[in-house]
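This report describes salt bridges, pockets and an annotated domain. The structure is shown below for reference.

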Amino acid sequence: MAAAQIDGVETALAEKLEGVSLDEVKRILYGRPYKSLEFSAEATKLAQDGDFQLAGYIVDAQKEQTRAPRLVRVAAIQNRIHRPTTDSVVEQRDAIHQRVAAMIEAAAAAGANVVGLQEAWTMPFAFCTRERLPWTEFAESVYTGPTTQFLSKLAVKHDIVIISPILERDEEKDDVIWNTAVVISHTGRVIGRSRKNHIPRVGDFNESTYYMESTLGHPVFETKYGRIGINICYGRHHPQNWMMYALNGAEIIFNPSATVGALSEPLWGIEARNAAIANHVFTVGINRVGTEVFPNEFTSGNGQPAHKDFGHFYGSSYIAAPDGSRTPSLSRVREGVLVAELDLNLCRQCKDAWGFRMTNRLDMYAQKLTEVSNPDYRPDIRREQ
């Protein structure tokens, strides 16, 4: 029987600490304290009725003399699946649609302008099974698929931008499948798509069974509420991936993910936060939650017997700021909506304060990376003669 999961670090700390000690530990762990957002009665009721967590914070910047604050409210939504994986594809997808729609309604009632969803949010994370059918039937068109049509109505209704990571069926190019994030404008139209640049091959878990690395590069989307990049899941382990979205002008980089257990959890709170610091951007780490059970057993290259679940998706979605501070995480076991009011002026303020953009020596790295990519390259190691 699986061990019980704790709710999260914040809950565990609050059970043992209080007052100044708790405040100091939070400051050390998360940087400067944030004020909590005050939610409308409607938003609070939607969360209570839907039995999901709703948390919110204000990430402010210094007041400037020549620029007004550039405020945008960003929401990260983490959810579980809501029907057994043995149900039909349409039943599973529609159940998740309805659940996440209620969570988007709460985010909108909380004032969100941009809503980000988790990796492959419309389906169970069935890539661990290595089976084709029925899982590839969740794939759909970016432009005409049921998910985009469903979310487009919500985007128009609430005047919001929605980041919708789906399993894409590229109907324009031979029905090839991709791991894709669709960017839906507040007008309801699709601004564009971004695809997963780095594909995990860990043990016998190999997502290239279903899709390959993106050929789109690092597109950044100019929206009504700011410039957005999407670094899908495994790409967070590659610092250069974050950097390229930032170099292309992103102010907020979303990291929609689906990650489980001991292997990745120690990295989770570090990588998106470090990317925010190194690139003078806001980052939004979103992870699904819950344990998904499949009809047939499979192995995961970890020496364990064949099993029917991939492990516990530990949620813990959070938002990090370019000054190194970050929000507390959402729960490890509950669905939730995290809302943060960001002042995008903080991006340039941190560039001015730390100067990483000015001092990063891209010219030197570009030359060396060109050399390293040559199969004949040998590391520059100096040894005592």
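## A buried pair and a network

Lys 196 and Glu 207 are both buried. In this predicted model, the two residues form a salt bridge, with 2.8 Å between the closest N and O atoms. The pair links distant parts of the chain, 11 residues apart: Lys 196 is in the loop between strand 7 and strand 8 (201-202), and Glu 207 is in the loop between strand 9 (205-206) and strand 10 (221-223). Elsewhere, one network made of salt bridges with shared partners joins Glu 168, Asp 170, Glu 172, Arg 193 and Arg 195.

Because Arg 195 lies in strand 7 (residues 190-195) and Glu 168 in strand 5 (residues 161-170), the pair ties together parts that are 27 residues apart in sequence. Both Arg 195 and Glu 168 are buried.

## A link from helix 4

Across the whole structure, 28 salt bridges are found. One of them joins Arg 99 to Glu 335, the closest N and O atoms lying 2.6 Å apart. Arg 99 belongs to helix 4 (residues 89-109) and Glu 335 to the loop between strand 16 (318-320) and strand 17 (336-343), so this pair ties together parts that are 236 residues apart in sequence. Arg 99 and Glu 335 are both buried.

## The largest pocket

The volume of the largest pocket is about 720 Å³. Its lining comprises 28 residues, and those nearest the pocket centre are Val 202, Val 260, Leu 263, Ser 264 and Phe 310. Helix 7 (261-279) and strand 15 (307-314) are the elements that contribute two or more residues to this lining. By class, the lining residues of the largest pocket are 12 nonpolar, 12 polar and 4 charged.

## The second largest pocket

The second largest pocket has a volume of about 420 Å³. It is lined by 20 residues, with Pro 239, Gln 240, Met 243, Ala 278 and Asn 279 closest to its centre. Two or more lining residues come from each of helix 6 (239-247), helix 7, helix 9 (356-359) and helix 10 (362-372). Helix 7 gives the most, with 5 residues. The lining of the second largest pocket divides into 10 nonpolar, 7 polar and 3 charged residues.

## The annotated domain

An unreviewed UniProt entry places the feature "domain: CN hydrolase" at residues 72-344. Over residues 72-344, the chain is 23% helix and 32% strand. The end C-alpha atoms of this stretch are 7 Å apart.

Technical notes: Residues are numbered from 1 along each chain as its sequence is written. This is a predicted model: local features need pLDDT of at least 70, side-chain atom pairs count only at pLDDT 80 or more; totals for chains, interfaces and linings use all residues. Side-chain values use heavy atoms; hydrogens and water are left out. On a 1 Å grid over the protein atoms alone, a cavity is a set of points where a 1.4 Å probe fits but cannot get out, and a pocket is an open set with protein on both sides within 12 Å along at least five of seven lines; lining residues have an atom within 4 Å of a point. Grid points are joined across faces, edges and corners, and a volume is the space filled by probe spheres set on the points. Helices (H or I, at least four residues) and strands (E, at least two) are DSSP runs, numbered from the N terminus. Ala, Val, Leu, Ile, Met, Phe, Trp, Tyr, Cys and Pro count as nonpolar, Asp, Glu, Lys and Arg as charged, and the others, Gly among them, as polar. UniProt positions are given in the numbering used here, feature names are shortened, and annotations may be inferred rather than shown by experiment. A salt bridge is a side-chain nitrogen of Lys or Arg within 4 Å of a carboxyl oxygen of Asp or Glu. Buried means under 20% relative accessible area, exposed over 50%, partly exposed in between (1.4 Å probe, protein chains only).
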